[in-house]
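Subject: Structure handover and findings

Hello,

Here is the structure for you to open. My notes follow below it.

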Amino acid sequence: SLTRLNYNFMKPYQLFRLALLLLSLTIGSALKAQQSGQIVFDMKFPGQELSREEQEMLPKEATMYFKGDAMRMEMPSAMMTTTVITVKEDVTTLMDMMGNKIAMKADTKKSKEAEKDVKVNVTGEKKTIAGYECKKALVTGNDGESMEIWFTDKIKINNSWNKSYKGVDGTLLEFAMKGGAADIQLSAREVKLGPLNDDLFTVPSDYKVMTQEEMMQMMGGGK
């Protein structure tokens with residue numbers, strides 16, 4: 001099923017889940033041709049009745065870096081900076097909450113199992129996003145949550161742990177998720193192709209390692 005989020009207030013735990021969602025939605029197919037570079041996404045949360053203080057707490061953008069079999073998604077907000085690093089099938093989430101640094105390894109088997117229930121309908125619609133021609137697809141989970149996504153096959157990303165949805169043969173540059181407790185919109189503002197430093201895909205040594213269950217409990221998302 002598609003990830004369900006609650007945005008009555010953007011708590012640290014919800015930012016953590018959102019970072020995992022964004023990374024899974026922006027990973028392209030494992031293609032032979034490889035490129036390296038970065039994509040900057042503008043983030044919006046339409047339909048939310050939030051105070052100015054709550055709006056200031058929400059992330060405004062997310063940046064994805066990719067190189068070979070490695071990827072990195074950064075999502076800064078007023079509360080923390082959340083980063084997800086993938087190298088082949090190893091996925092690590094980093095959370096920096098005002099100097100309190102935590103690292104967690106994700107269970108990729110659960111992500112792969114969830115994708116089996118996703119239905120994809122690639123339409124014939126096209127449009128240009130950040131200078132790239134994109135195709136439209138509608139993605140629906142078994143719980144009824146849906147997304148409208150736009151992807152391009154002109155950006156070659158090679159990462160094997162979470163393949164793009166069946167029929168989506170490229171990298172997502174825009175998507176809108178509807179259903180559940182909130183709507184989320186991301187749209188690529190800028191794409192820069194070029195060499196990247198390998199340090200971007202290395203987990204720093206000053207992060208405390210925790211399990212997913214320990215992190216969820218600490219963030220208020222546990223039982």
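What share of the 223 residues in the protein chain is buried? Buried residues make up 46%. Buried means under 20% relative accessible area, exposed means over 50%, and partly exposed lies in between (1.4 Å probe, protein chains only).

Some ground rules. This is a predicted model, so local features need pLDDT of at least 70 and side-chain atom pairs count only at pLDDT 80 or more, while totals for chains, interfaces and linings use all residues. Residues are numbered from 1 along each chain as its sequence is written, and side-chain values use heavy atoms, with hydrogens and water left out.

Overall layout

The protein chain has four helices and twelve strands. These are DSSP runs numbered from the N terminus: helices are H or I with at least four residues, strands are E with at least two. Contact here means heavy atoms within 4.5 Å. Of the contacts in the protein chain with a separation of 6 or more, 61% are between residues 24 or more positions apart. The chain exposes about 11,100 Å², and carbon and sulfur atoms supply 46% of that. Accessible areas come from the Shrake-Rupley method with a 1.4 Å probe; for residues, only the protein chains shown count as cover.

Cores

A nonpolar core is a set of buried Ala, Val, Leu, Ile, Met, Phe, Trp, Tyr and Cys residues joined through side-chain atoms within 4.5 Å. The largest one has 33 residues. Those with the most contacts inside it are Ile39, Met64, Phe66, Ile149, Ile155, Leu173 and Phe175. Several strands each supply at least two residues of this core, among them strand 1 (36-44), strand 2 (61-67), strand 3 (70-76) and strand 8 (132-140). Strand 9 (146-152), strand 10 (171-178) and strand 11 (184-193) are also on that list.

Strand 1

Serine 36 is in strand 1. Serine 36 counts as buried because its relative accessibility is 19%. A polar atom of its side chain lies 2.7 Å from the backbone oxygen of glycine 194. Serine 36 also contacts residues beyond four places in sequence, including Phe66, Lys67, Leu193 and Pro195. Its C-alpha is 6.8 Å from that of glycine 68, 32 residues apart along the chain.

Glutamine 38 is in strand 1 too. Beyond its neighbours within four places, glutamine 38 is in contact with Thr63, Met64, Tyr65, Phe66, Glu190, Val191 and Lys192.

Glutamate 74 lies in strand 3. The side chains of glutamate 74 and arginine 72 make a polar contact of 2.7 Å. A polar contact is a pair of N or O atoms within 3.5 Å; within protein, one must be able to donate a hydrogen and the other to accept it, and residues adjacent in sequence count only if both atoms are side-chain atoms. Not counting residues up to four places away, glutamate 74 touches Glu61, Ala62, Thr63, Tyr65, Thr82 and Thr83.

Threonine 92 lies in strand 5 (residues 90-97). Threonine 92 counts as buried because its relative accessibility is 6%. Its side chain makes a polar contact with the side chain of lysine 105 (3.3 Å).

Strand 8

Is tyrosine 132 buried or exposed? Tyrosine 132 is buried, with a relative accessible area of 18%. Its place is in strand 8.

Loops

Methionine 98 has a positive phi of about 50° although it is not a glycine. Methionine 98 sits in the loop between strand 5 and strand 6 (100-105). Methionine 98 is exposed, with a relative accessible area of 78%. Alanine 130 also has a positive phi of about 50° and is not a glycine. Alanine 130 is in the loop between strand 7 (119-129) and strand 8. At 31% relative accessibility, alanine 130 is partly exposed.

Rings

How many aromatic pairs does a search of the whole structure find? The search finds zero. Rings of Phe, Tyr and Trp (its six-membered ring) pair if their centres lie within 6.5 Å; planes under 30 degrees apart count as stacked, over 60 as edge-to-face and the rest as tilted. Lysine 127 lies over the face of tryptophan 150, at 4.6 Å from the ring centre. A charge sits over a ring if NZ of Lys or CZ of Arg is within 6 Å of the ring centre and within 35 degrees of the ring normal.

Best wishes
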